[in-house]
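Please take a moment to look at the chain as a whole before turning to its parts.

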Amino acid sequence: MQIIKNYKSSFILIGGMIVGSIIGAFMGPKAVMFTPIANLFLNLLYCCIVPMIFTSLVSAIANMQSTKKLGKILGTMLFLFIATGIIAALYMLVVCLIFDPSQGAAIKMTETIDSGKANTDFLGMMTVSDFNLLWSRENLMALIVFTIIFGIATSSLGEKARPVIDFFDSLSHVIIKIVGYVMYLAPIGLGAFFAALIGEQGGQIAGPLSRTIIIFIVAALVYYFVSNTLFAFIGAGKEGVRLFWKNALPPTLTSLGTCSSAATIPSNLIAGKEIGISDEVNNLVIPMGANLHKDGAVLIQILKIVFMANVFGVNLLEPKNFLTAITISVLASCVMGAIPAGGYTGEIFIISAFGFPEVSIPLMVLIGTITDAPATAINCTGDIGVGMIINRIVEGKDWLKKSQEAKKIESTDESLTTNDTVELVR
């Protein structure tokens, strides 16, 4: 009974997704009729992303004691993002070299595609040409850079900026409350999304790419459970693992249903807060991780590279090709947009590095589209695990115990305040 109580909302989400998948399997392509319902939920969620990032990040940075702490968090975060990306690349390379993902996949590569849509300008992601462009989810990296500068400026003014800090603290709580309301629609929205997804792509999953997809899904599942458990354990021991898996299901299901790291930011922030990650770390790592930390995307890039290398007879065991595959997969995952089908950036990097013909791009896009959901789940939940590790480095190994004690005190104070109010009314 306690398990049902703790995971009630997650079970409801799972139920919605299962029902949607069954409907999609029976209806086939006709299930696309549910897309407007899925878009209704997704659009509401997207509307929360920009204000949530801006308010929570400004609040966290402005309340920091010093910029030295901010620098430590940022430095540790970027190191871990790169390190975990390399680990993911090595893992997937080993899997693909053992189990050839291209075996039996007889696919004609005659279709062409507009590769000009890809965005390979990494530095260009950091800024926009006009202020109003900051408030688009397509420019999240630029928004984060501006927000960090805004937060540092606010913090440097001390008490002069106290009204601004208090305003953003309060506004952050309001946005989180709005997200809570939107998530009530999640079972219906995600169910509709899965109905359309299975209805449209069911044939492709069962077709010539079935072996490729099965290999990826199994490898992704292993990486999802092992890496997240390891990150949580490093961050906070056995209790950290328990709390991680207690709170990781909603972000996982949201990412599976939306295929969007950006759309999962709100539920990820809530999960990190429930675990006990400090606001300074949580509100910085989660939004930046959605853009820069994508281990799942690294797995996909390696899958594409190995698949195409086998098709065109490129030996990946050569040191140069091996290192190139790792570098390209990590770099492409950082530059890719944090939205569904975020451009053809990965494909452009791959064909440029290995000299594959452009005619191979459609096949790589197809592989990326079908494997997007499990990869996004790895992208998002990995941000929480990295956040726990950073929290340990910044706050000390007893950070979780201190956080839980602080929560108990806060809960007691709220209870006393409520009782006092009741007595006063009487």
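Predicted model: local features only at pLDDT ≥ 70, side-chain atom pairs only at ≥ 80, totals over all residues.

Which residues form a nonpolar patch on the surface? The patch consists of Ile214, Val218, Val222 and Val226, which together have about 350 Å² of accessible area. Such patches are made of residues with over 30% relative accessible area and no salt bridge, with like charges joined within 9 Å and nonpolar side chains (Val, Leu, Ile, Met, Phe, Trp, Tyr) within 5 Å; a salt bridge is a side-chain nitrogen of Lys or Arg within 4 Å of a carboxyl oxygen of Asp or Glu. Accessible areas come from the Shrake-Rupley method with a 1.4 Å probe, and for residues only the protein chains shown count as cover.

Residues are numbered from 1 along each chain as its sequence is written, and side-chain values use heavy atoms, with hydrogens and water left out.

The chain has 17 helices and 0 strands, both taken as DSSP runs numbered from the N terminus (helices are H or I, at least four residues; strands are E, at least two). Of the 426 residues in the chain, 50% are buried. Helix α11 (residues 279–292) is mostly covered, since 13 of its 14 residues are buried. At 1.5 Å a residue, helix α11 should span 20 Å, and its end C-alpha atoms are 19 Å apart, which agrees; the expected span is 1.5 Å times one less than the number of residues.

Turning to the cysteines, cysteine 96 lies in helix α4 (residues 67–98) and counts as buried because its relative accessibility is 2%. Leaving aside neighbours within four places in sequence, cysteine 96 is in contact (heavy atoms within 4.5 Å) with Pro101, Leu303 and Val306. Cysteine 47, by contrast, is exposed, with a relative accessible area of 59%.

A disulfide is a covalent bond between the sulfur atoms of two cysteines. Counting pairs of cysteine sulfur atoms within 2.5 Å, a search of the whole structure finds 0 disulfides. The cysteine sulfur closest to that of cysteine 47 belongs to cysteine 48 and is 6.8 Å away, too far for a bond.

Definitions and conventions
Buried < 20%, exposed > 50% of the residue type's maximum accessible area, 1.4 Å probe, protein only.
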